[in-house]
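Take a look at the model below. Trace the chain from one end to the other before reading on.

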Amino acid sequence: MGDNTLTRAWLALLGLSVGSAVLTLLPVPAAVMGGGILLLALIKARVILAQYLDLARSPAWLRGFTMVLTGFSVLIFALYLV
């Protein structure tokens, strides 16, 4: 894993964080905002798992963690909507 990969991952995380902040400033319904922020957090988790924990070299593990995190995110969003 080269420095360029980590730099791109860091920039992606920075962009996703800015996206979350911008989303809070938009006049959208709370459910849309909550879902958007949760989705961006899920993408950030996948970037961290793939690049910083180097699971990009092990697609099965990355896919497994992604499925678990996606299920957890869906559960959190469902509880948020209730």
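Helix 2 passes helix 3 in a right-handed crossing. A crossing is right-handed if the near helix is turned clockwise from the far one by less than a right angle, and left-handed if anticlockwise. The two axes of helix 2 and helix 3 come within 10 Å and cross at roughly 160°. That makes helix 2 roughly antiparallel to helix 3. Here, angles under 35 degrees count as roughly parallel, over 145 as roughly antiparallel, 65 to 115 as roughly perpendicular and the rest as oblique. Axes are lines fitted to C-alpha atoms, for helices over the stretch in contact, and angles run from 0 to 180 degrees between N-to-C directions.

A note on the source. This is a predicted model, where local features need pLDDT of at least 70, side-chain atom pairs count only at pLDDT 80 or more, and totals for chains, interfaces and linings use all residues. Residues are numbered from 1 along each chain as its sequence is written, and side-chain values use heavy atoms, with hydrogens and water left out.

Now step back to the whole chain. The protein chain has three helices and zero strands. Helices (H or I, at least four residues) and strands (E, at least two) are DSSP runs, numbered from the N terminus. The C-alpha trace spans about 40 × 25 × 10 Å along its principal axes. Of the 82 residues, 20% count as buried. Buried means under 20% relative accessible area, exposed over 50%, and partly exposed in between (1.4 Å probe, protein chains only). Take the contacts (heavy atoms within 4.5 Å). Among those with a separation of 6 or more, 60% join residues 24 or more positions apart.

Return to helix 2. Helix 2 has 23 residues and reaches 32 Å from its first C-alpha to its last, close to the 33 Å expected at 1.5 Å a residue. The expected span is 1.5 Å times one less than the number of residues. Which residues of helix 2 are buried? They are G34, G36, L40, L42, V47, L49 and A50. These buried residues pack against helix 1 (3-25) and helix 3. After helix 2 comes D54, whose phi is positive, near 60°.

Helix 3 covers residues 59-81. Its 23 residues should span 33 Å at 1.5 Å a residue, and its end C-alpha atoms are 32 Å apart, which agrees. L62, T66 and S73 are the buried residues of helix 3, and they pack against helix 2 (30-52). Where the two helices meet, helix 2 brings residues including G34, L38, L42 and L49, and helix 3 brings residues including L62, T66, L69 and S73.

How many aromatic pairs does a search of the whole structure find? It finds two. Rings of Phe, Tyr and Trp (its six-membered ring) pair if their centres lie within 6.5 Å; planes under 30 degrees apart count as stacked, over 60 as edge-to-face and the rest as tilted. W61 and F65 form a tilted pair, 6.1 Å centre to centre with 35° between the planes. Both lie in helix 3, four residues apart, about one turn of the helix. W61 is exposed, with a relative accessible area of 56%. F65 is partly exposed, at 37%.

F77 and Y80 form a stacked pair, 6.3 Å centre to centre with 25° between the planes. Both lie in helix 3, three residues apart. An α-helix has 3.6 residues a turn, so residues three or four places apart point the same way. F77 counts as partly exposed at 26% relative accessibility. Y80 is partly exposed too, with a relative accessible area of 45%.
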